[in-house]
Amino acid sequence: MNRNKIASLLASINPIDSVCISGWVRTRRDAKTFSFMEINDGSCRSNIQIIADDTLNNYEAVKKLSTGSAVTVFGVLRESPGKGQRWEIDASAIEIHGLAPESFPLQKKRHSDEFLREICHLRPRTNKFGAVFRIRSALSLAVHQFFNDQGFFYIHTPILTGSDCEGAGQLFKVTSLDMENLPKISGETDYQFDFFKKAAFLTVSGQLEAEMFALALGDVYTFGPTFRAENSNTSRHMAEFWMVEPEMAFCDLDQNMAHAESFVRYLINHALTHCADDIELFNAYVDKTLINTLNKIASGNFIRLTYTEAIDILKNSKKTFQYDIDWGSDLQTEHERYLCEDHFNGPLIIYNYPASIKPFYMRVNDDDKTVGAMDVIVPRIGEIIGGSQREERFSILSDRMAETGLNPQDYWWYLESRRYGSVPHSGYGLGFDRLIMLITGIGNIRDVIPFPRTPGNIDF
Ligand code: 4AD
Ligand code: MG
């Protein structure tokens, strides 16, 4: 017999003669001649109630089932006479798979996020984390749906790379050399002996490769894991995170900003309509303003202002920030959040940043001081998207590379794309984990990814 999912049984309109569900015991209590069990199978937030009576041939074993044990229940779906649930299953047989001892760490009380992080292998069995990961799955699919509907192509950009896209040097090195016995040439590691015969890294972004495909297929995107060895132990950074990166040919900065805005709105609307039950949980237990905030972001326009305007507002704010702010310095999360949450009270897009604080590939503006960069800032998170119009002019691009300390020879293929039918093009990267933070109200990025990787942490 095929297994039923609790999610679909609870949506049933009529009773069903013969059902089968498999899941884990959440609670069990005994009455005189029967036992009530709440089972959860992960398909939705709700448990289903099982009535197991003493006619079951393994009733004595059923009466010993404790929280965390795994079972398959066969029976009838019927209206529940009890309060709090419409349906219950009257069990005709219960197969016991694996017992969980009393020491099972997830007992009925609420556990802290910090504690649950130490047991990442078990936390998806809690209501909260089950909901996080169902939402994460639904939104992954929504990403593909959004782009597919608009005729974008999904490109699998490489994870192993020889180039530093962001030029920030936060690369994890990949090698097959014997670390205890490195081949040397003039005192330095000789990569001729390494797997790729040159230094190799985990990618920090699929952008450069995505650009090559935008310049052939028009509108493309990548969606995959990215890696940064930045030693910042914050609640918004991880060493391994997921990024969605669209890249659009024949697209300028304005169109890029409009696209990014519509993407964020689409994802939030998708979550509100397709994950309503799970979002309800976060609204009740994590952030009581969550649904309001999400509705507001999904319905209003994002305010747009230049970096220079942002600096003026911050300077005139009379607020003391931990990091000083001057034209030419990078905006910190505290600045972004002040602008977004205090000054404008809504999502923003800041654009035209100083060239000196941005990577080589961003298009230089006519003022020669700023580049066509843009960041989307949302409440509670700060930057959720970073993007730009790309420098399509060969000579300016190669000058910018040299200026920022990159060797143009290492990027010969990227430069060459500006020789053969170069066009204005733009794109951006959305931090998928930060999106899940926004949609769930969860405050620490470690709690929205199954197995977080941060400095000093690579368990599981
Ligand atoms: O602003 P970033 O560095 O932009 C790029 O990587 C561009 N190449 C994207 C593009 O134009 N195709 O990163 C984009 C987004 C950030 O806005 C943030 O949401 C997320 O990626 N992000 C991180 N998320 C978690 N942990 C980290 N260490 C992150 N670094 C960036
Ligand atoms: Mg950025």
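Reply: Start with the criterion: a salt bridge is a side-chain nitrogen of Lys or Arg within 4 Å of a carboxyl oxygen of Asp or Glu. Keep in mind that this is a predicted model. In the whole structure, the search finds 22 salt bridges.

Me: Which residue forms a salt bridge with Glu 261?
Reply: The partner is Arg 304, with the closest N and O atoms 3.9 Å apart. The pair joins distant parts of the chain: Glu 261 belongs to helix H6 (residues 253-274) and Arg 304 to strand E14 (residues 303-306), 43 residues apart.

Me: Is Glu 261 buried or exposed?
Reply: Buried means under 20% relative accessible area. Glu 261 has 7%, so it counts as buried. Arg 304, at 34%, is partly exposed.

Me: How far apart in the helix are Glu 341 and Arg 337?
Reply: They are four residues apart, about one turn of helix H10 (residues 333-343).

Me: What joins the side chains of Arg 393 and Glu 391?
Reply: A salt bridge, at 2.6 Å from N to O. Here Glu 391 is buried, at 0% relative accessibility, whereas Arg 393 is partly exposed, at 25%.

Me: Which residues are linked in a network of salt bridges?
Reply: Glu 211, Glu 247, Arg 390 and Arg 418 are linked in this way.

Me: Let us turn to the domains. Into which domains is the chain divided?
Reply: Domain 1 covers 6-98, and domain 2 covers 123-168 + 204-447. Taken over C-alpha atoms, their centres are 45 Å apart.

Me: How many residues of domain 1 are in contact with domain 2?
Reply: Eight residues of domain 1 contact nine of domain 2. About 670 Å² is buried between the two domains, and carbon and sulfur atoms give 35% of that area. On the side of domain 1, Trp 24, Arg 26 and Arg 45 lose the most area to domain 2, together 77% of what that side buries.

Me: What is the count of salt bridges between domain 1 and domain 2?
Reply: The count is one. There are also five residue pairs in polar contact between the domains. The side of domain 1 that touches domain 2 consists of two nonpolar, four polar and two charged residues.

Me: Which residue forms a salt bridge with Arg 45?
Reply: Asp 277 does, the closest N and O atoms being 3.8 Å apart.

Conventions:
Residues are numbered from 1 along each chain as its sequence is written. Chains are lettered from A and ligands numbered from 1 in the order in which they are written. This is a predicted model: local features need pLDDT of at least 70, side-chain atom pairs count only at pLDDT 80 or more; totals for chains, interfaces and linings use all residues. Side-chain values use heavy atoms; hydrogens and water are left out. Helices (H or I, at least four residues) and strands (E, at least two) are DSSP runs, numbered from the N terminus. Buried means under 20% relative accessible area, exposed over 50%, partly exposed in between (1.4 Å probe, protein chains only). Domain bounds come from an automatic or database domain assignment. Contact means heavy atoms within 4.5 Å. Buried area is the accessible area (1.4 Å probe) that two parts lose on being put together, summed over both. A polar contact is a pair of N or O atoms within 3.5 Å; within protein, one must be able to donate a hydrogen and the other to accept it, and residues adjacent in sequence count only if both atoms are side-chain atoms. Ala, Val, Leu, Ile, Met, Phe, Trp, Tyr, Cys and Pro count as nonpolar, Asp, Glu, Lys and Arg as charged, and the others, Gly among them, as polar.
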